[in-house]
Amino acid sequence: MSKEITARDKDYSQWYNDLIIKGGLADYSAVRGCMVIKPYGYALWENMRDQLDKMFKDTGHQNAYFPLFIPKSFLSKEAAHVEGFAKECAVVTHYRLKNDPDGGGIVVDPEAKLDEELIVRPTSETIIWNTYKTWIKSYRDLPLLINQWANVVRWEMRTRLFLRTTEFLWQEGHTAHATAQEAVDETIQMLNIYAEFAEDYMAMPVIKGVKSANERFAGAEDTYCIEALMQDGKALQAGTSHFLGQNFAKAFDVQFADKQNKLDYVWATSWGVSTRLIGALVMAHSDDEGLILPPKIAPIQVVIIPIFKDEEQKSKIDEKVKEFMTQFKALGIRVKYDDSDHTRPGWKFAEYEMKGVPVRIAIGVRDLEKNVVEVARRDDKTKTQVSVDGLATTISVLLNDIQSNIYNKAKLFRDNNIYKAESWEEFEKMLDGKGGFISAHWDGTSETEEKIKELTKATIRCIPQNNMLEEGICIYSGKPSTQRVLFARAY
RNA sequence: CGGGGCGUAGCGUAGCCCGGUUAUCGCGCCACAUUUGGGAUGUGGAGGUCGCAAGUUCGAAUCUUGCCGCCCCGACCA
C-alpha cells in the first residue's frame, strides 16, 4: 500500500481522503455514504465531545435522549421545517422480513406494513417539541435546557468522509424559554461556546455571524453560525445556533402559564455541532505528511519511541520510560509508549506523523548516557535534545506552545485570505483565484444572493457579528447597501 | 439524477485494443536469519468466484449484451 499522502495542491479531495484513511481516523463502510469511525478517530471525537459536554453543563444544560424514529406526521407540523428536510429522509415502512416464497433469501413481509411510516431523524426538533408539550405547563418549568448526543441520518446525494456522511454523530441542544430575549440570549451564548471550543480547543479560528434568509435553518427565525476557512480557500460552516421564535411551540401547541396566569407560547432555540468538526480540523491544519492535531484534543499527545539493539538496551530504556510515564500521567498528559518490536523506529516516526501526534520523544542508550531525549514537534517538524530532568514539565509547556502555534498559523492563513471586493469583476477574479472570504456590499435581497450563487457558486457565509455599518453599493445589483457581508465558496 | 473514470489477492496494480500453457509486479501477511537514531535486507511460503450474469468461441480477465458497485465533478447539503 502506498504510504505517501497526496499533495494538497495536486488533488485536494484525494489529499483529504488520504489524511483520514492513512491517519487512521475512519474508513468507507459497506453501506453507501456511511463511514466507519475507527478507534483513533472515535477517541478524538470523544475528547471533543467531553469538552463540549462540560461547557454545556457549566451553562446549566442537561443531557437527555429522544427516539431515533419520528412519526411522519410530526415532521409536517412545521411547514418550513418539512420543506427543508423532506428531500433527504430515510423512511421505515415495514417492521418484518420473511423467507422469500420464491426462494433465494429474504424479502420484506408485505403483511408487516406500518400504518404510519417512521422517519429516521434528520434532526430532532419535532419529536422533542412533541415531548416538551407534556413537560411544559408553567413558567416554573422554564427555562428547559436540554441537550442530546445522538446520530442522525440525512440522505444526501453525495457524501464525503466526516464532512457529509449519510449517518453522522452530533449533539443537538433544544431549549425552551419564557421570553424572546431569553431565547435570543441562549442562542448567542451557545454560539459563543462553539466559537470558544473551535478556537481554544480545535485551534481553528472562526467568524461568528448570522445567516441570510436563504441560508437559514428550516423553521428558524434566525440562524447564527461559526464559519471557518479551509486550506483550499473554501469556507466551512462549523456550527449553528438557531433562534426558533415561537414556530415550534405553535406547531406543537406548547404553551405555558406566566405569573399572571396568562397563556403564551414558549420561545425556542436549537443548536448543534457534528462529527463534521473532525473534517474541519483535518482540512484546517494538516500538511502533506499527515494530520496535525491540536494537543488539547489529540487522542495521543506524546508518543515515546525506544531505539535499541538488544534486550539489554531495551530493558534499560523501559526502566527510564516507566519513570517518564508516571510523571506525564501525573500532569494529565496522554502518553503512549510504543515499544512494539515488529516495526522499526523509522516506521513509527512516519506512522505517528500521519496520525498527527503533537510530540514524539525518541530515546536510545546514547541519550540515556547523556541524560537527554530527542523531542520532535509535529507542527513545525523541529527536533531538539531535551534534558530528562523535569521532562514532563518541559513537555507540558511545549504542548501549550504547539496548541497556540497551530492556532496562530491557521489564524494568519485565515486573515490573509479575507479580501475586500469593490466591484463585480474584482469579486469574480478573487473567487477564481485563491478563494477565501470576500467581504463585499450586498443589497440585502434574496434575489441578488441567489443570482450571485448561480453565477459564481459563492454564498453569503454570514453577516459578521458586530459588523461595521458602511455605506456602499451592492457588487451585483449596484443598489445601495448599508454593510458588507462575507461571501465564499463553501463545503 | 446528469458528465467523467474505475472494478484483477487485504491494499495498490500489469495484462484487455490484437482471445491461447500454471494471471504480472509491488506493498502487506506467515516462518527463519541478520537488523533497529527516518518508512530494513535476504531466503522460503501462504493467499485469486479476474464485480455479477448471459452470450460468441475448441478456448474469455481479454470480444458482445445486460446488471451491480465504487470514486471524482455537478445539482442538494451540516
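1. Helix α10 (345–354) provides eight residues, the largest share of the surface near RNA strand B. Here "near" means that a residue's C-beta atom, placed from the backbone, lies within 6 Å of the strand. Helices (H or I, at least four residues) and strands (E, at least two) are DSSP runs, numbered from the N terminus.

2. The model is predicted: local features need pLDDT of at least 70 and side-chain atom pairs count only at pLDDT 80 or more, while totals for chains, interfaces and linings use all residues. Residues are numbered from 1 along each chain as its sequence is written, and chains are lettered from A and ligands numbered from 1 in the order in which they are written.

3. pLDDT is the predictor's confidence in each residue, from 0 to 100. Chain A averages 93, and 99% of the residues score at least 70. For the complex the predictor gives an ipTM of 0.84 and a pTM of 0.95.

4. In total, 39 residues surround RNA strand B, and the closest are Met 157, Arg 158, Gly 346, Gly 364 and Arg 366. Elements that each supply at least two residues of this surface include α1 (12–22), β13 (235–245), β19 (359–364) and α11 (365–370). By class, the surface has 16 charged, 14 nonpolar and nine polar residues. Asp, Glu, Lys and Arg count as charged; Ala, Val, Leu, Ile, Met, Phe, Trp, Tyr, Cys and Pro as nonpolar; and the others, Gly among them, as polar.

5. An open sheet of three strands has the order β4-β8-β5, with antiparallel pairing. Its edge strands, β4 (69–71) and β5 (91–94), each pair on one side only. Two strands pair if DSSP finds at least two bridges between them. β5 is joined to β8 (residues 113–120) by three bridges, and His 94 has Lys 113 in β8 as its bridge partner.

6. Most residues other than glycine have a negative phi, and most peptide bonds are trans. The bond from Leu 142 to Pro 143 is cis, with omega near -5°. Pro 143 is placed in the loop between α5 (125–135) and β9 (144–153).

7. Asn 371, in the loop between α11 and β20, has a positive phi of about 65°. Lys 381, in the loop between β20 and β21 (383–387), has phi near 60°. A residue is exposed if 12 or fewer other C-beta atoms, placed from the backbone, lie within 10 Å of its own, buried if 20 or more do, and partly exposed in between. Asn 371 counts as exposed because it has 11 C-beta neighbours inside 10 Å; Lys 381 is exposed, with 11 other C-beta atoms within 10 Å.
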